[in-house]
Amino acid sequence: MVADSPFRPQGSGSRVLAELARLWDQARVHNPGRVTQKELARVSGVPHTTVNGWATGAAEPRNLDQLVQVGATLAAWANEPLPSARDWDRLMAADRARPAPAPADVGPPAPAPAPVFAPVFAPVSAPVERVRVGVIPQPADCFQDRQVAEDVEAAAGEGGTGAPVQVLAGTGGVGKTQLAAAHARRAWRQGVQVLVWVEAATRDGIVSAYARAAARLGLPPAGLDDPDQAAREFLVWAETTGRSWLVVLDDVRRPKDVAGLWPPAAVSAAGGQVLVTTRLREAALAGADRRTVGVGTFSAAEARSYLRAKLGDDVPVADLDALAADLGFLPLALAQAAAYAANAAIGCAEYRRRLATRLLVHAVPGEGHLPDGHRRIVAATWELSIEEAGRAAPAGLARPLLCLTSVLDAAGIPQAALTSPPALAYLTSHLPDPPPRGDGGMDAATVDAATVDEVLRVLHRHSLLDHDRTAAHREIRVHRLVQRATRENLVARPELGPRLFAEVAAAAADALLRVWPPVERDGLGEILRANTTALQQAAGTVLCDPGAGAHPLLFQAAASLGHAGRVTAAVAASAGLHATCLRDLGPDHPDTLAIRGNLAGWRGRAGDAAGAAAAFAELLTDMERVLGPDHPDTLATRANLAGSRGQAGDVAGAAAAFAELLTDMERVLGPDHPATLATRHNVASARREAGDVAGAAAAFEELLADRSRVLGPGHPDTLATRSHVASLRGDVGDMAGAAAAFAELLTDMERVLGPDHPETLATRANLAGRRGQAGDAAGAAAAFAELLTDMERVLGPDHPATLAARAHLASFTGEAGDAAEAYAALEELLADRLQVLGPDHPSTLTTRRNLARWRGEAGDAAGAAGAYERLLTDLLRVLGPGHPWTVAAREELAYWREAGRQ
């Protein structure tokens with residue numbers, strides 16, 4: 001077939017090939033003349049024979065990695081979003097589930113030849129969608145099959161009698177992760193039903209991966225906002241399922257991180273398997289059901305085979321063996337040396353000569369993970385490779401870009417962070433000076449995203465990092481030894497080292513902060529938090545010093561958990577940051593006081609309003625002593641204290657505190673300051689909570705006029721005030737007017753903020769709610785059902801706003817006449833809120849109250865009374881006897897008791 005033949009898999013019913021053909025056609029529209037089979041093979045790295053087989057329908061994709069590469073290339077040419085590995089995996093599963101065509105009557109088939117090793121995983125008889133979680137690292141160039149790999153495969157395939165858990169233990173740079181990745185890909189080809197690749201450097205990484213697996217498997221709760229519970233559900237599933245599974249725990253650094261999280265391979269019904277990579281050889285990782293496999297350096301034959309594959313068959317064997325011996329047979333060093341020699345077009349002898357001088361004069365002190373010889377080898381090969389990479393175009397940027405990656409997460413760095421304005425500014429500052437113009441001036445040069453991508457490819461070619469454009473948000477991986485060598489080389493410069501390292505850390509922190517999304521999706525928040533953790537560990541006190549204070553990134557990483565609905569995790573993260581600030585900055589530093597305020601706020605969001613109020617009261621005393629009573633942060637703490645008092649049930653006290661605060665705000669900041677306007681907002685809200693609806697409505701109308709004048713009609717605060725004005729129209733009985741106001745506001749919200757902004761979604765919820773309160777319960781239920789789909793897509797299934805939409809949907813379903821359906825939906829919601837928020841959270845208590853009501857409405861008055869009795873006991877304990885919710889629950893209990901007697 002000629003090179004520009006079309007992609008037309010004639011006669012194939014494959015959904016995968018149909019999607020590839022669609023992408024091909026779109027790519028030819030956007031890139032006429034470029035899209036050919038040979039060009040597709042060249043760019044994607046997939047053999048042309050394979051591409052041609054798919055294009056003609058003679059073969060169907062069986063290798064997910066090849067399919068992802070081809071799909072990504074076509075999507076890029078077609079200017080379409082890149083399909084994920086999960087998307088392709090699902091299409092492949094659909095193809096496998098197709099009924100096989102009836103065989104021709106040609107007699108009995110010939111027996112298949114016996115495999116060298118029996119398949120580790122037998123495919124299940126019934127078609128079941130296979131699940132793959134996590135990104136398996138790309139195979140190294142010229143990956144070598146090693147004897148240790150055969151040992152692992154043999155142990156895994158001993159008919160179920162082998163070791164269910166194998167621990168690959170060895171020093172850094174010996175290729176443990178590559179061996180594990182090869183094993184995982186082989187298991188996937190052999191039919192394992194569930195494969196989970198875990199970045200196991202931290203306990204949070206393990207828990208998060210298990211939680212994602214639970215979500216993919218649809219286990220209760222099928223969400224990520226209580227990852228610990230979801231992880232436990234996954235472990236229970238692994239023990240009881242009949243589906244085959246493999247879990248790879250890559251780079252376990254501390255035995256305690258795996259405590260309680262070992263997959264139950266030894267007792268699993270399906271004979272599941274676990275593969276661990278680690279530098280540790282500790283008893284805590286050993287066990288009766290665990291087999292430790294020592295992974296050392298290449299053997300002499302393996303090293304020779306690798307170098308021959310990289311450098312060619314014409315290099316004398318003696319030179320290959322001598323170079324391998326110089327490098328201690330360490331795979332990482334061999335990869336860097338081979339890349340350097342190939343890119344510099346020099347032979348083994350010349351490379352050995354250059355290496356020898358570096359070995360004599362550059363010995364980088366290590367952390368105890370490598371023998372002394374290996375430390376020197378890594379440092380020397382790194383220095384040669386980075387110098388050669390620095391000379392490649394675009395020149396001068398390889399070293400500073402590698403410095404940025406050296407302080408981030410080795411398991412995956414988002415390329416967006418390295419192409420953000422702070423990172424580009426840092427790289428631009430390290431460009432070599434351009435040659436002078438004829439007039440003596442200099443042409444300014446800048447670095448852009450395309451340049452960064454070019455430099456990443458240069459570093460990739462020199463084996464200093466792995467660059468995979470298809471690995472969403474984890475496009476860059478760097479070996480920890482390369483990271484360490486980079487950092488230590490940077491700080492080794494006596495006079496400039498500390499300053500240069502501080503610049504790198506600050507640029508990396510600014511870059512992560514710049515790309516942090518307001519709404520976390522697709523696992524990006526978790527990846528950014530992992531990079532923040534790695535940066536904190538690498539930077540030490542650089543990001544938290546008494547002069548500059550704590551970097552805003554540290555506050556963002558803790559708060560992002562709460563904004564994603566994980567309020568309990570936000571409390572723990574804020575407590576950890578408070579301990580760091582207390583140690584590095586002291587108790588009276590403004591940032592230490594600020595994180596105390598955040599910690600108190602998240603305690604309140606987690607349901608402990610009384611504890612939050614007490615914490616804010618203590619903080620206020622210290623704020624007034626350290627900053628003074630009129631400092632803006634002191635005034636903000638007074639506002640938070642007043643709000644917490646209201647949440648704890650003291651509505652009148654909160655209203656009085658806000659009114660008193662407003663007087664001071666106007667005196668200190670002026671009447672038009674945004675903080676003063678925010679305080680007026682709080683005063684109006686407190687009046688509303690206290691029952692003064694008319695007064696609150698008048699206050700919000702006045703505030704709306706002032707915010708429109710000061711901030712503008714399209715400012716988010718102005719739009720929020722309009723929301724309150726519309727809501728209060730409903731509170732005074734004008735439901736139709738409230739609905740009309742919300743409809744008008746929604747139009748402006750979509751125009752100013754966009755249809756997927758959380759505030760726009762909240763306005764849709766308000767509009768739907770007012771429709772229901774105006775008497776159109778069925779219309780409200782339909783609106784909430786439509787909204788719920790968008791909230792799950794944008795915010796995630798377990799975000800508090802999504803759970804609130806489910807609550808409203810259930811209630812209006814009941815109001816529309818289906819009490820039984822409302823009760824069933826609230827039962828499911830209660831289970832999720834218990835898992836996500838805990839039993840004492842206000843939203844959980846509200847769900848119990850609604851559940852009790854609809855149980856009664858469905859005809860079980862006695863059951864409703866019993867539910868109210870149990871709820872009242874908890875409300876008395878959590879909120880106290882005078883809280884409005886407690887009073888209401890007591891009245892509702894009396895009602896249903898009476899109804900049960902009739």
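Mentor: Let's begin with a word you'll need: a residue is buried when its relative accessible area is under 20%, exposed when it is over 50%, and partly exposed in between (1.4 Å probe, protein chains only). The model is predicted, so to speak: local features need pLDDT of at least 70, side-chain atom pairs pLDDT 80 or more, while totals for chains, interfaces and linings use all residues. Numbering starts from 1 along each chain as its sequence is written, and side-chain values use heavy atoms, leaving out hydrogens and water.

Trainee: Okay, is Asp-251 buried or exposed?

Mentor: Asp-251 counts as buried, because its relative accessibility is 17%. You'll find Asp-251 in strand β4, which covers residues 245-252. Helices (H or I, at least four residues) and strands (E, at least two) are DSSP runs, numbered from the N terminus.

Trainee: And what is the phi of Asp-251?

Mentor: Asp-251 has a positive phi of about 70 degrees, although this residue is not a glycine. That deserves a look, because most residues other than glycine have a negative phi.

Trainee: Where does His-473 sit, then?

Mentor: His-473 is in the loop between β7 (466-467) and β8. His-473 also has a positive phi of about 70 degrees without being a glycine. With a relative accessible area of 23%, His-473 is partly exposed.

Trainee: Let's zoom out. How many helices and strands does the chain have?

Mentor: The chain comes to 39 helices and 10 strands. As for burial, 50% of the 902 residues count as buried.

Trainee: What about contacts in the chain?

Mentor: A contact means heavy atoms within 4.5 Å. Taking the contacts with a separation of 6 or more, 67% are between residues 24 or more positions apart.

Trainee: New topic: how many salt bridges does the structure hold?

Mentor: The structure holds 41 of them. A salt bridge here is a side-chain nitrogen of Lys or Arg within 4 Å of a carboxyl oxygen of Asp or Glu. One of the bridges joins the side chains of Arg-477 and Glu-199, at 2.8 Å from N to O. This pair links distant parts of the chain, since Arg-477 belongs to strand β8 (residues 476-477) and Glu-199 to strand β3 (residues 194-199), 278 residues apart.

Trainee: Are Arg-477 and Glu-199 buried or exposed?

Mentor: Arg-477 is buried, and Glu-199 is buried as well.

Trainee: Which residue meets Asp-706 in a salt bridge?

Mentor: Arg-680 does, with 2.6 Å from N to O between the side chains. Asp-706 lies in helix α30 (residues 693-710) and Arg-680 in helix α29 (residues 674-689), so this bridge ties together parts that are 26 residues apart in sequence. Asp-706 counts as partly exposed, because its relative accessibility is 21%. Arg-680, at 17%, counts as buried.

Trainee: What else does Arg-680 touch?

Mentor: Leaving aside residues up to four places away in sequence, Arg-680 touches Leu-662, Glu-702 and Leu-703, along with Asp-706.

Trainee: Where is the pair Arg-901 and Glu-898?

Mentor: Both Arg-901 and Glu-898 lie in helix α39 (residues 884-901), 3 residues apart, which is about one turn of the helix. Their side chains meet in a salt bridge at 3.1 Å, N to O. Arg-901 is exposed, because its relative accessible area is 62%, whereas Glu-898 is partly exposed at 38%.

Trainee: Which residues are linked in a network of salt bridges?

Mentor: A network of salt bridges links Asp-588, Arg-596, Asp-622 and Arg-625.

Trainee: Will do! Last one: where is the place of Lys-176?

Mentor: Lys-176 is in helix α7, which covers residues 176-189. Lys-176 counts as buried, because its relative accessible area is 9%.

Trainee: And how are Lys-176 and Thr-277 separated?

Mentor: Their C-alpha atoms are separated by 6.0 Å, while Lys-176 and Thr-277 are 101 residues apart along the chain.

Trainee: Thanks, I'll go and find them in the viewer!
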